[in-house]
There are 2 protein chains.
Amino acid sequence: MVRWQPGARERLVLAAVDLFSEQGYDETTVAQITERAGVTKSTFFRHFPDKRELLVAGQETLSRLLAEGITGAPAGATPLDAVAAGLERASDEMGPLNRELGPRLRAAVAASAELQERDALKSVGMAAAMTDALVGRGVPDAPARLAAEMGVLAFKQGFERWSGVGRADDDRLADHATAALAELRAAAAQLG
Amino acid sequence: MVRWQPGARERLVLAAVDLFSEQGYDETTVAQITERAGVTKSTFFRHFPDKRELLVAGQETLSRLLAEGITGAPAGATPLDAVAAGLERASDEMGPLNRELGPRLRAAVAASAELQERDALKSVGMAAAMTDALVGRGVPDAPARLAAEMGVLAFKQGFERWSGVGRADDDRLADHATAALAELRAAAAQLG
């Protein structure tokens, strides 16, 4: 199997997340990130306008993909089937970088109040994007919100299993995420 | 009807939230807050260690009350009935200050990326507190997470209705929150 080789952009993201977790987000400078990644500052600024954008860019892409998958689901799909289509669409775009990043991002978030706030906002953004896409399909507000929250929980849980310790090499994020969604669907029936 | 008269602590919170919405969180100083509230700086520091704590204190109380209500629900309560007990418990502690704050906080959050992150973290904290309390009652992980997210949605929606424009004077936050939870419960059946 060919080992995945990160390019400059990927090395920058990995270096940044490691530094955030080692010394905090605020304390990390662009110079430290480029040094760790082994690239020049001008390479950094070709890829990102600033340190913050390193994290934000991926979040916006993720929300967009989830919404696209929901919008593109077959006309007769139930709200949760549409959410599953969103999870599939977003999962298919997640590659080796995302998988590498998973445990490192969790460590960085655990160590930084700033990154915890950013991570929370990411969940809210994902939920809002999915809610809007569901409402766009004609799903009423309350079930749209609920299905979107289930989608967020499922994606996060699926991602954690996919990128966690003891992971298999050939499993698919989409399978973990849709399995987590199926668990939540079953759980909805036990809520009383 | 006796009009509610805010004390120094309440005036500080109201002044701060208004200033955050007018000019941003970062740009607002403790001196500006105390001037607007008509109190001295030493009064501010008797109530709060810093500007950040103005917002954090209320959030922690809210999470604690939600969890207490869940933990104290009758042994046979379903997960959603326990969440409803949490909403009742937290709602009962919300007074005129919270109601006054509602629309002002929404304006401040809409105007500030920093406050959006903080607000998102508040939702995550509420969900985590309710999940833990449900798991403590023996609810399995997936239904606990789902019921907790439904509790967050219901509290936020109920709070918005209670503190929104055109609100009635004598309605109860608890009624709005539990009605929103009932809607989500019905919505869960339509998710497919």
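**Notebook: helix packing and the A–B contact**

I began with α8(B) and α9(B), which pack at about 135° with their axes 7 Å apart. Helices here are DSSP runs (H or I, at least four residues), numbered from the N terminus. Axes are lines fitted to C-alpha atoms, for helices over the stretch in contact, and angles run from 0 to 180 degrees between N-to-C directions.

I noted the provenance next: this is a predicted model, where local features need pLDDT of at least 70 and side-chain atom pairs count only at pLDDT 80 or more, while totals for chains, interfaces and linings use all residues. Residues are numbered from 1 along each chain as its sequence is written, and chains are lettered from A and ligands numbered from 1 in the order in which they are written.

**α8(B) with α9(B)**

I classed the pair by angle: α8(B) and α9(B) are therefore oblique to each other. The classes are roughly parallel under 35 degrees, roughly antiparallel over 145, roughly perpendicular from 65 to 115, and oblique for the rest. The crossing of α8(B) past α9(B) is right-handed. A crossing is right-handed if the near helix is turned clockwise from the far one by less than a right angle, and left-handed if anticlockwise.

I then listed contacts (C-beta atoms, placed from the backbone, within 7 Å). On α8(B) they include M150(B), F155(B), F159(B) and W162(B). On α9(B) they include L173(B), H176(B) and L184(B). The contact of α8(B) with α9(B) has 11 nonpolar, four polar and one charged residues. Ala, Val, Leu, Ile, Met, Phe, Trp, Tyr, Cys and Pro count as nonpolar, Asp, Glu, Lys and Arg as charged, and the others, Gly among them, as polar.

**Two pairs in chain A**

I moved to α5(A) (79–92) and α9(A) (173–188), which pack at about 155° with axes 8 Å apart. That angle makes α5(A) roughly antiparallel to α9(A). Their crossing is right-handed. Among the residues in contact are L80(A), L87(A) and D92(A) of α5(A), and A174(A), L181(A) and R185(A) of α9(A). I logged eight nonpolar, two polar and three charged residues for this contact.

Helices α6(A) (96–111) and α8(A) (141–163) pack at about 100°, with axes 9 Å apart. That makes α6(A) roughly perpendicular to α8(A). Here R99(A), G102(A) and P103(A) meet F159(A), W162(A) and S163(A). I logged three nonpolar, two polar and one charged residues.

**α7(B)**

I checked the span of α7(B), residues 113–136. Its 24 residues reach 35 Å from first C-alpha to last, close to the 34 Å expected. The expected span is 1.5 Å times one less than the number of residues. After α7(B) comes G138(B), with a positive phi near 95°.

**Between the chains**

I looked at the contact of the two chains: 26 residues come from chain B and 26 from chain A. On chain B, α5, α7, α8 and α9 each give two or more residues to the side that touches chain A. The most come from α8(B), with eight. The chain B side divides into 15 nonpolar, five polar and six charged residues.

I superposed chain B on chain A by a rotation of 180° with 0.0 Å of shift along its axis, at RMSD 0.0 Å. The same surface serves both, with 100% of the contact residues of chain B recurring in chain A.

Note on methods: Copies are superposed by least squares on the C-alpha atoms of residues with pLDDT of at least 70 in both.
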